[in-house]
Every structure is written in structure tokens, then in C-alpha cells.
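Welcome! Take a moment to look over the chain and turn the model around. The report below then walks through it part by part.

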Amino acid sequence: MANPASYRPRTGEIPTNPGVYRFRDAHGRVIYVGKAKSLRSRLSSYFANPAGLMPKTYAMVHAASSVEWTVVGSELESLQLEYTWIKEFKPRFNVVFRDDKTYPYLAVTMGEKYPRVQVMRGDRRKGTRYFGPYTAGAIRETMDTLLRVFPVRSCSAGVFKRAEASGRPCLLGYIDKCSAPCVGRISPEDHRALADDFCAFMGGEAKRFIAKLEKQMAEAVARLDYERAARLRDDITAMRKVFERNAVVLAEDTDADIFALHEDELEAAVQVFHVRGGRVRGQRGWVVEKVEDSTTPDLVEHLLQQVYGEDGDTQGRLPREVLVPVEPSNAAELARWLGGLRGAKVDIRVPRRGDKAALMGTVRENAEHALKLHKTRRAGDLTVRSQALQELQEALDLPVALLRIECFDVSHVQGTNVVASMVVVEDGLPKKADYRKFSITGAAAADDTAAMRDVLTRRFRHYLQDKTAQVDGTAQVDGTAQVDGTAQDGPASGAPDAVLDTTTPAPKAKFAYPPNLVVVDGGKPQVNAAARALADLGIDDVYVVGLAKRLEEVWLPESDFPVILPRSSQGLYLLQRIRDEAHRFAISFHRQKRGKAMTVSALDSVPGLGAAKRRALLAHFGSVKGIKAATAEELATAKGIGPALAGAIVSHFAAAGAAPAAPAINMTTGEIIET
């Protein structure tokens with residue numbers, strides 16, 4: 001742990017302007033981002049009396065090895081830049097709100113020629129309308145019910161293309177839950193109008209559609225067309241079922257997000273009700289670990305930053321009113337920022353009485369129950385993970401806690417298609433975003449030890465390069481930080497507030513920070529190869545072990561005898577799970593690579609014909625047989641095929657003689673790819 005006095009900046013060097021500051025650790029990682037109205041006052045508070053700091057702040061300043069800052073023109077700018085840096089660097093000492101579950105949205109892809117209705121999770125996509133979030137069961141029922149009234153396409157692109165090619169719709173087209181634009185039953189314009197009506201209904205205009213169908217039903221009855229009247233009656237029933245699922249809780253013109261939280265010393269649970277048109281349209285929840293010493297107003301500020309900053313407001317999801325349990329820090333600047341995202345005014349209010357205050361109480365009860373449930377579920381898992389990590393640290397006699405473990409495995413079949421995998425575990429849990437695959441060629445593919453040494457060298461060489469680039473890119477002289485390559489010492493006197501560009505994504509490093517422990521799948525030879533790879537790179541603070549499969553022995557570098565862990569050891573179970581996950585990941589990549597290598601086609605030997613042009617020819621003519629029968633002029637009509645290449649293709653097949661072209665066969669499965 002570093003002594004804060006070793007990197008404390010001189011007080012006179014720190015400006016008194018508003019700004020944003022970053023603490024970095026010895027590896028150059030940003031571990032904390034904060035903002036301040038006066039940088040001098042805020043930063044001095046960290047160093048004046050470190051022993052008197054709160055425990056988590058004390059841990060942060062001792063984990064850091066440097067601090068840097070950026071001066072901005074206003075508190076609004078500092079709010080924007082703080083959010084941008086937290087999103088970019090994901091500092092471990094900042095509060096990060098994580099969904100306690102992944103809620104699905106009902107999405108309509110209005111950016112496509114034939115809009116599609118589907119259930120979506122994860123990142124938002126441009127040109128797509130989103131409604132929700134919903135619970136998983138409710139969204140499927142809502143979608144199934146509304147498709148009988150608004151038969152918008154809901155199939156995938158693959159199903160749509162197959163139906164279009166065959167001239168026959170899928171099952172939904174036959175049961176009237178799709179208007180079947182794939183076979184021309186409806187024009188693109190009429191189908192888009194149908195999708196617009198679907199979006200309008202989900203957007204709160206249900207009464208208009210119900211009234212319209214009731215009028216049509218009455219007209220059908222008057223014409224004695226009872227079959228149509230019965231269908232319209234069923235459609236009205238379906239609409240009302242969806243419309244009445246959400247009870248009216250506030251006035252019909254109320255659009256608001258209502259947040260409430262329940263917290264203890266270590267964690268906080270947040271719940272939000274999305275009220276649109278006076279009805280609760282959706283609910284979300286987050287649980288956050290309080291890794292920084294934050295007050296409730298600070299938590300609310302970070303919550304609104306992350307919720308609306310991540311989602312943006314491309315489809316009007318940000319409401320006119322945001323109701324919170326306490327007024328957030330910098331409420332005025334936060335409201336201005338949200339207003340900029342929405343394109344209209346946003347009110348941040350604390351309800352004191354009336355229906356909104358009563359609904360806030362309901363949301364608060366949900367937050368309280370969510371925190372209790374989270375702690376109940378986590379208690380068992382956390383105890384077992386902590387025990388496993390502690391047992392492993394003690395058994396291997398390691399001086400550092402095993403916060404991050406990386407495991408490597410090599411996979412091949414008799415030395416062909418050699419690949420390797422890297423899986424990552426942090427705090428005993430897999431971190432799949434950091435998994436990596438490696439293709440191994442040349443001399444490194446000769447045997448397992450050479451392959452393991454090659455993979456370790458590549459992994460940590462990339463880390464050293466990223467570290468060097470990161471340090472060079474954040475150089476600071478006399479308290480002046482770099483933003484987009486331009487030194488900023490603060491705004492000129494009287495200069496208007498600038499708006500920082502927070503949309504440019506930060507370049508992602510190939511690898512994250514180094515692990516505390518590297519696990520290789522193998523025994524003594526693999527462990528020694530891994531240790532030599534690290535030693536050649538000058539890395540001496542990463543420990544290496546190997547897990548041999550036959551007797552589940554743990555090998556250490558340059559050791560003649562393995563470490564034997566008890567069969568009931570939680571540490572051994574953890575190593576086995578990591579090893580098996582690395583093996584699974586390597587095997588899946590190897591099968592993928594081997595399948596591609598073993599797919600052969602008559603087109604592969606045509607000079608000058610690459611993979612993209614082969615796909616274009618097959619898409620145009622349908623098969624190798626069709627390509628062989630085509631003339632040079634016909635071949636030139638395919639995308640990317642010029643007269644010279646068309647002539648070369650014809651000459652190639654002519655030289656091959658009258659024998660039929662060999663179909664493409666996957667040698668792994670025997671499946672004929674092309675006919």
C-alpha cells in the first residue's frame with residue numbers, strides 16, 4: 001500500500017476552480033473519479049489527515065499512487081465529465097448501480113424495411129422503439145395478445161428470408177398473428193402503418209383504438225356480419241386485457257419515474273416505477289455496494305447519472321418528472337443535464353403528500369424487500385467464495401489476496417488447429433467480458449508447453465503495451481490534465497460554459513489489469529513454461545500454478561512435488577471450476593476453427609475468388625451447380641464479379657472437365673453445405 005504523502009500534490013499547485021479528479025493505482029488503473037466545486041479544498045481533504053478518513057476512503061487513498069485533475073468551466077461540465085470518466089474507466093471505488101435482474105423490453109425495429117416486434121434485453125439500438133421494462137412472463141403475454149390485433153412481423157431475419165425465398169409464410173402467417181409481408185400479403189407501407197399503430201397503442205393511445213374497433217363492431221352488427229363482429233369483439237377484449245393490466249395510480253396526464261431506495265452501512269437497493277399516462281408501465285431494480293463514503297443525496301445523484309446516462313433519450317424514455325426520496329446533490333445542474341438529454345425541461349422533485357407520496361411509499365417497500373432478498377441469496381454464495389479464496393491463498397502460501405485469477409488452456413487435435421483460451425474470475429465469480437481466445441500457429445504450435453508459453457507472452461506483452469500507452473496518454477505537468485489531446489488550464493475569464501462531448505467512446509484496452517494468480521491446465525512442464533514467459537517479460541508480481549487432471553494436483557514453478565489439496569477443499573473446487581470453464585471455452589473455439597478448416601468447396605480453388613465473392617455468387621445463383629452452368633456474362637451480373645474474374649471462373653470449370661462440381665461438405669458432421 002502506498003503512503004499518500006508520497007504522491008500528495010503541493011497545495012499551491014491545485015487550482016480553486018471546479019473540476020474532476022482521478023486517483024490511479026501503481027498499474028495506472030483509475031480507481032476513483034470525483035468532482036468538486038473547488039479542487040484545492042476537495043483534494044486537500046484526502047491528504048490533510050488520512051488516518052481520520054472513513055474506512056473506505058482510507059483504503060482508496062492508500063491503494064492509489066497518483067492523482068490528477070481536469071479544470072472545467074462550470075459545475076454542469078464537471079457533472080458531465082465525471083459521468084463520462086466513470087463510464088469509461090469503471091473505477092472500483094466508485095458507486096456502480098447494477099441491475100438486480102435483467103428486465104426485458106418490448107421493442108419495435110422501426111429502422112428496418114419491415115419493422116419487427118420482439119423482446120429485447122441489453123444495449124439500446126438506433127432506430128428501435130422500446131416499451132417497458134416488463135417482467136419476463138408479462139411481456140410474452142402482452143406481445144402474444146397484441147399480435148392478433150396488430151399482426152406485425154415478429155420473426156427473425158433468417159426465418160423471414162426463408163419464407164420469402166419459398167413463397168410460403170411461417171406458422172404465424174397461417175394463424176393470423178402475422179400479416180406475412182414476406183410473401184407480399186401486405187405492402188411495406190401498410191405494414192409500417194401497422195407497426196406505427198402498435199407503437200401508438202403501447203405509447204398510451206389505447207382508448208382511441210378500442211373506440212375505433214367498437215365502432216367497426218357496431219357497423220358489422222348492423223350489416224348482420226356477425227363473424228366479423230365476433231372477431232372485432234375478441235380484438236377489443238385482447239386490447240382491454242393489455243390496457244387494464246396496469247392499474248391507474250395517478251392522473252392520466254402524469255409521466256414520471258418514481259425512485260426509492262433502502263440502504264444500510266454496506267449496500268443500498270433501489271427500485272423505480274415507470275409511470276406513463278398515469279399507469280405503472282414497468283419496474284426496475286438495482287443493488288449497489290457502497291464502496292465510497294456517499295450520503296443519500298450523493299447516491300441519488302449517481303443513480304440518475306447512470307440510469308439516464310446509459311439509456312439516453314433517443315425514444316422519449318425520459319419523462320417530464322423524476323420523483324426521488326431526497327433531493328440529489330447539485331440538483332439544479334442535474335436537472336439541466338437531464339433536460340439536455342430529453343430536449344425539454346425535466347423536474348426533479350421530492351413528493352411530500354398526496355398520491356405521488358403514497359406511490360413513493362410502495363416503491364420504498366419494494367426496495368426494502370429487494371435488499372433483504374439480495375442479502376439472503378448472497379449470504380451463502382459469498383461465504384463459500386470467501387472460504388475458497390482464503391483456503392487457496394493459505395495452501396499456496398501467497399502474500400496477496402486472490403482478487404483476480406486467470407486460467408489458460410490449450411486445445412488441439414494431434415497438433416492441428418491449435419487454439420488457447422483465457423477465462424477470468426474476480427472475487428470468485430466469472431467475468432466473461434474479459435475472456436479471450438488465442439489462435440496459435442508456427443513453432444508455438446509444436447507442443448503444449450510451447451503453446452502455453454506463447455499465449456502467456458502475448459497476454460502479458462499486450463498488458464505491458466496497454467499500460468505504457470495509458471501512462472503516456474495521461475501525462476500531466478503542473479496539474480494540467482489532457483482531454484482529447486488539448487491541455488486545459490480552465491476557462492478564460494467570462495467565457496461561456498462549454499458543453500463537453502460525452503458521446504465519443506473511449507478506446508478499449510485489449511486486456512484488463514494483471515491477475516494475482518495465473519492457473520494453467522497441466523502439470524510441471526506447463527507451469528514452468530508459464531513461469532519462464534512471465535520472467536522473460538520482467539513480471540515478478542504474478543503467481544503461477546498448474547492443475548493436473550489425473551490426480552488434481554496443484555503444481556508450483558520449479559517445484560519437485562505438488563501441493564495436494566483435500567478433496568473436500570473449497571479452494572480445490574474453485575480451481576476445478578476455473579479449469580473446466582477454460583477447457584470448455586477452448587474446446588468451443590477449437591471446434592469452430594476446425595469446422596471452418598474442414599469445409600471444402602469447388603469454389604475454393606478458383607484463383608482470385610475470395611470468401612466474400614464466393615458468398616455473393618452462391619447467394620446469386622443458389623448453388624455451385626448454378627454457378628458452373630452460368631456464362632461469363634451471367635456471372636458478371638453478381639455483386640463484386642467483374643468480366644475478368646467471370647472469365648477466370650468459366651475457364652476454371654472448363655479445365656476441370658465434365659465432372660460435376662463437388663459439393664461443400666463439413667468433414668466434421670458430414671453435412672452437405674451446398675447443393
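## Two helices at an angle

In this predicted model, helices α7 and α8 pack with their axes 7 Å apart and at an angle of about 120°. Angles over 145 degrees count as roughly antiparallel and those from 65 to 115 as roughly perpendicular, so α7 and α8 are oblique to each other.

Which residues make this contact? On the α7 side they are Asp197, Ala200 and Phe201, and on the α8 side Ala206, Arg208 and Phe209. Sorted by class, the contact of α7 with α8 has four nonpolar residues, two charged ones and no polar ones.

## The largest nonpolar core

Helices α7 and α8 also turn up in the largest nonpolar core, which has 28 residues. The residues with the most contacts inside this core are Leu106, Val108, Phe150, Phe198, Phe201 and Met239. Several elements supply at least two residues each: the strands β5 (105-108) and β6 (117-120), and the helices α4 (136-147), α7 (188-202), α8 (206-222) and α9 (226-243). Which of them gives the most? That is α7, with seven residues. As a general background, nonpolar side chains tend to be buried together in soluble globular proteins.

Leaving out residues up to four places away in sequence, Phe150 touches Leu194, Asp197, Phe198, Phe201, Phe209 and Met239. Apart from this core lies another one, of 25 residues, and its members include Val418, Val424, Tyr463 and Val542.

Now look at helix α3 (residues 75-89) and helix α11 (residues 331-342). Their axes come within 9 Å and cross at roughly 65°. That makes α3 roughly perpendicular to α11, and the crossing of the two is right-handed.

From α3, the contact is made by Glu75, Leu76, Leu79, Gln80 and Tyr83. From α11, the partners are Glu333, Leu334, Arg336 and Trp337. By class, this contact of α3 with α11 has five nonpolar, three charged and one polar residue.

## On either side of α3

The loop between β3 (66-71) and α3 holds Gly73.

Another loop, between α3 and β4 (98-99), is where Lys90 is found. Lys90 is exposed, with a relative accessible area of 62%. Its backbone deserves a look too: Lys90 has a positive phi of about 50°, although it is not a glycine. Most residues other than glycine have a negative phi.

## Another positive phi

Asp397 is also a non-glycine residue with a positive phi, here of about 55°. You can find Asp397 in the loop between α12 (355-396) and β13 (404-413). At 68% relative accessibility, Asp397 counts as exposed.

Where does Ala451 lie? Ala451 is part of helix α13 (residues 448-473). Its relative accessibility is 1%, and because buried means under 20%, Ala451 counts as buried. Between Ala451 and Gln526 there are 75 residues of separation along the chain, and their C-alpha atoms are separated by 9.2 Å.

Gly647 has its place in helix α19 (residues 643-655). With a relative accessibility of 25%, Gly647 counts as partly exposed. The C-alpha atoms of Gly647 and Thr631 are separated by 8.6 Å, and the two residues are 16 apart along the chain.

## The whole chain

Finally, step back to the chain as a whole. How many helices and strands does the secondary structure have? It comes to 19 helices and 23 strands. The chain has 675 residues, and buried residues make up 45% of them.

Contacts between residues at a distance along the sequence complete the picture. Taking the contacts in the chain with a separation of 6 or more, 66% are accounted for by residues 24 or more positions apart.

Key
Residues numbered from 1 in each chain as written. Predicted model: local features only at pLDDT ≥ 70, side-chain atom pairs only at ≥ 80, totals over all residues. Heavy atoms only, no water. Axes fitted to C-alpha atoms, helices over the stretch in contact; angles between N-to-C directions. Helix = DSSP H or I, 4+ residues; strand = E, 2+ residues; numbered from the N terminus. Parallel < 35°, antiparallel > 145°, perpendicular 65-115°, else oblique. Left-handed = near helix turned anticlockwise from the far one by under 90°. Contact = heavy atoms within 4.5 Å. Nonpolar A, V, L, I, M, F, W, Y, C, P; charged D, E, K, R; others polar. Core = buried A, V, L, I, M, F, W, Y, C linked by side-chain atoms within 4.5 Å. Buried < 20%, exposed > 50% of the residue type's maximum accessible area, 1.4 Å probe, protein only.
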